[in-house]
Amino acid sequence: MSHESGEIEQKYGIPTVSLAGSNVVSFGIGPNLTYNTGMPLRYVGVPFPFSGQPRSVLRSYIEGKDTVSGKPMMAAIVDGLTKPLTAEERMSGNPPESTPEPRLLPPDTEDHLQLLFKERCWTDYNPVIIPTEERVAAMLKGTGHKPDEIVKSAAGTFGTRRPFTVEKVATIAVMAGAKPAYLPVILALANEVPYQDSTTSIAEMVVVNGPIRKEIDMNSGLGALGPNNDANSVIGRSMTLIHKIIQGYDEGVTGFASLSNPLRYDNLCFAENEEALPEGWQPFHVQMGHKPTDSVLTIFTGWNFINSTGWVEQHYAPQNLMRDYMSSLSGMGATLLMDPSVAELLNNVQGFTTKEKLAEWLSQNVEKIAQSYWGNAIVSSMLGPLGEQGLEPYASWKKLPGDAVIKPFTNPKGIHAVVVGGKTASVWFATDFMPGRGVSIDAWR
Amino acid sequence: MATLLHSAVLNPEAYRTVRAADEGAPGKTQSFRSLAPRLESLHGKTIYLVDTGFGGSGRFLDQVQAWFAEHMPSVTTVRRRKTGNIFRDDARELWNEIKERGQAAILGVAG
């Protein structure tokens with residue numbers, strides 16, 4: 001919202017007041033000013049939660065206090081539009097340069113450095129490998145790129161300016177415990193910052209395809225989603241450290257995930273079991289237009305991860321239970337993670353000779369009621385406006401009675417399947433994770 | 001007794017290798033920009049109340065609108081729901097309308 005208020009103030013010369021919940025208002029006042037708008041926008045804080053409250057409570061908020069200034073809320077709003085600008089609010093031009101952090105830390109003991117890394121939040125709170133010059137130099141041998149090459153500039157939360165170098169990524173790779181051979185994957189991962197953040201429990205999933213999987217011994221088979229493999233674990237951990245150190249995620253300052261998500265501990269990093277795909281089923285990266293010989297990393301973003309719990313029962317085909325479970329997802333997109341044995345059943349017995357045919361069937365068969373569909377705040381806030389603009393099917397769905405049945409996965413291309421696992425149980429996960437663009441790992445070799 | 005590490009240790013927050021002149025630095029801040037001049041009073045003015053799309057914003061702005069009607073009846077309030085993505089500044093037509101027909105705007109509620 002700061003972007004909008006800033007633009008109205010700056011380009012249109014119109015005074016604004018920005019209302020924000022007390023849960024996030026400090027972001028608007030602090031980091032948004034510093035790294036985003038450069039404007040000390042006038043924020044008024046509304047008690048949280050405000051959504052879902054009866055009118056009487058909202059009225060009491062209006063008659064109560066602005067959580068920022070402590071003034072009566074409506075007086076604060078009126079003041080925000082009428083009180084003359086302060087010297088700070090009239091300021092323009094460049095702020096003084098902050099003193100750069102030195103490249104090297106002062107000499108210290110291992111124990112003190114571990115403590116320092118925790119104090120500075122350069123950790124996931126497991127011990128890190130201290131990135132000595134020698135270790136970072138050895139790590140840099142994993143790529144042909146120069147240490148001072150800028151990987152990306154717009155790296156901060158919401159794409160704010162926070163450039164970083166190959167050396168910095170190598171430093172983080174050392175801290176996570178990586179081998180030099182993992183560095184191209186970690187550079188590709190770093191290339192995708194900023195990662196999605198939200199007050200909701202959003203999470204990421206990292207899927208690797210192509211020859212690099214075997215070169216660095218990633219696990220795509222038995223126990224691939226668990227803490228059972230060096231490359232999977234360490235690359236996933238690197239993402240957490242990149243998020244904190246490069247992107248600058250700081251709980252309560254730039255990030256406000258109320259519960260966060262346990263999937264963030266390792267960011268679900270694994271490789272697709274391409275060798276176990278049924279005939280006719282393409283690897284995910286090939287479906288997305290890459291060559292089979294390309295090594296590609298894809299970051300998926302989502303919230304939910306539903307386990308099939310048990311194996312496939314004789315009387316109920318796997319696609320039926322997938323359909324049932326997917327009806328609880330938002331409908332904006334889905335990714336099924338399935339054991340190779342499930343893929344074989346779907347292909348050989350159920351006739352889904354491609355991943356796309358399975359997606360088409362699910363798109364036509366997953367159902368939910370309109371009230372539940374619009375009851376999801378992400379759906380309502382992202383797709384509701386499209387309905388308001390007349391875009392179908394959302395415009396029609398907005399007019400439906402609450403108990404009307406809809407097929408929420410309108411686009412079969414939004415339903416994906418990734419095959420992973422060791423064929424010791426015919427199990428799967430239904431997730432609402434949606435893929436970003438595929439990132440070339442080869443470009444970072 | 002604990003001993004110092006023999007090796008120099010890299011600072012994960014360092015940006016010495018970034019060419020500050022053309023790339024900026026990680027902590028480099030946005031240029032300051034002045035806010036728009038404020039109104040002398042709201043009497044007789046038109047204020048746009050813009051629902052930016054977060055759940056519950058519309059109902060909250062209903063209350064803001066009701067308060068103006070009750071306590072500052074000379075103020076005209078205009079309600080608008082921002083169309084488009086709630087996370088993007090993609091409502092130029094609405095901003096143009098506010099510039100043309102209004103004197104101030106209240107946006108919200110971010111949550």
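**Salt bridges and exposure**

Analyst: Start with Arg437(A). Its relative accessible area is 53%, so Arg437(A) is exposed. The cut-off for exposed is over 50%. Bear in mind that this is a predicted model.

User: What makes Glu192(A) and Arg437(A) a salt bridge?

Analyst: Their closest N and O atoms are 2.6 Å apart. The limit is within 4 Å, so the pair qualifies.

User: Why is Glu192(A) called buried?

Analyst: Its relative accessibility is 17%. Buried means under 20%, so Glu192(A) counts as buried.

User: What does the pair Glu192(A) and Arg437(A) tie together?

Analyst: Glu192(A) sits in the loop between helix H10 and strand S6 of chain A, and Arg437(A) in strand S15 of chain A, so the pair ties together parts 245 residues apart in sequence.

User: How do you know that Arg59(A) and Glu70(B) form a salt bridge?

Analyst: The closest N and O atoms are 3.0 Å apart. That is within 4 Å, so the label holds. Arg59(A) lies in helix H4 of chain A and Glu70(B) in helix H2 of chain B, so the pair joins two chains.

User: Are Arg59(A) and Glu70(B) buried or exposed?

Analyst: Arg59(A) has a relative accessible area of 18%, which is under 20%, so Arg59(A) is buried. Glu70(B) is at 52%, which is over 50%, so Glu70(B) is exposed.

User: Why is Lys423(A) called partly exposed?

Analyst: Its relative accessible area is 46%. That falls between the 20% and 50% cut-offs, so Lys423(A) is partly exposed. Lys423(A) meets Glu344(A) in a salt bridge at 2.8 Å, N to O.

Technical notes: Residues numbered from 1 in each chain as written. Chains lettered and ligands numbered in written order. Predicted model: local features only at pLDDT ≥ 70, side-chain atom pairs only at ≥ 80, totals over all residues. Heavy atoms only, no water. Salt bridge = Lys/Arg side-chain N within 4 Å of Asp/Glu carboxyl O. Helix = DSSP H or I, 4+ residues; strand = E, 2+ residues; numbered from the N terminus. Buried < 20%, exposed > 50% of the residue type's maximum accessible area, 1.4 Å probe, protein only.
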